[in-house]
Amino acid sequence: MLGLGPAVPAGLGLRVISEEPLVAAVAPGHPLAARKTITLRALAGYPLISLPPGTGLRGSLDAACAAAGLTPAITLEAGDPRILAQLASHGLGVAVLPASTTGARRGELHAATITRPALSGRIALAWPAGGPANPAARELIQRTRAAG
């Protein structure tokens, strides 16, 4: 499985299995805790906590900022969205996360949906364009395709 950004890597077959909105997650005392949504332009004015470059989520954020002529202030990075959520819950910045990541920290985090443009994160099964060599992987792909 891999997280997809706006560009799909060449030479891969893909099946998106999850897509969800990205949110700006903050501790309850943060100024953004009163908002339900935030534009990308407004978000760029805050210190951000994000996954590192090369990840799908970060690729989505970076591409949207570049298209809008914005330079995000990434102050902290971590390779796991749960760690980003934990850092944000301690007031260390605004974490850019998939919406589902904030559910486990209700009361510790407030999530504002990122808008204009809306950002999303996608998780996909990926395999070499010619198909996987492993029979179990081929069966998994076949079953995900049959499931719709």
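Residues are numbered from 1 along each chain as its sequence is written, and side-chain values use heavy atoms, without hydrogens and water. Because the model is predicted, local features need pLDDT of at least 70 and side-chain atom pairs count only at pLDDT 80 or more, while totals for chains, interfaces and linings use all residues.

**Strand 6**

Select residues 94-98, which form strand 6. Helices (H or I, at least four residues) and strands (E, at least two) are DSSP runs, numbered from the N terminus. Five of the five residues of strand 6 are buried, so the strand is largely enclosed by the rest of the structure. Buried means under 20% relative accessible area, exposed over 50%, and partly exposed in between (1.4 Å probe, protein chains only).

Leu48 is the residue opposite Val94.

**Helix 2**

Next, select Arg58 and Asp62 in helix 2 (residues 56-68), four residues apart, about one turn of the helix. Their side chains meet in a salt bridge at 3.1 Å, N to O. A salt bridge is a side-chain nitrogen of Lys or Arg within 4 Å of a carboxyl oxygen of Asp or Glu; the count by this rule is four. Arg58 is buried at 8% relative accessibility, whereas Asp62 is partly exposed at 29%.

**Asp80 and Arg82**

Move to Asp80 and Arg82, a salt bridge whose closest N and O atoms are 2.7 Å apart. Asp80 is partly exposed at 22%, and Arg82 is exposed at 59%.

**Helix 4**

Select residues 135-147: helix 4 has 13 residues and reaches 18 Å from its first C-alpha to its last, close to the 18 Å expected at 1.5 Å a residue. That expected span is 1.5 Å times one less than the number of residues.

Within helix 4, Glu139 and Arg143 lie four residues apart and form a salt bridge, with the closest N and O atoms 2.7 Å apart. Glu139 is partly exposed at 34%; Arg143 is exposed at 56%. Elsewhere, salt bridges that share partners join Arg58, Asp62 and Glu77 into one network.

**Strand 8**

Finish at Ile123 in strand 8 (residues 120-128). Ile123 is partly exposed, with a relative accessible area of 35%.

Note on methods. Pairing = 2+ DSSP bridges.
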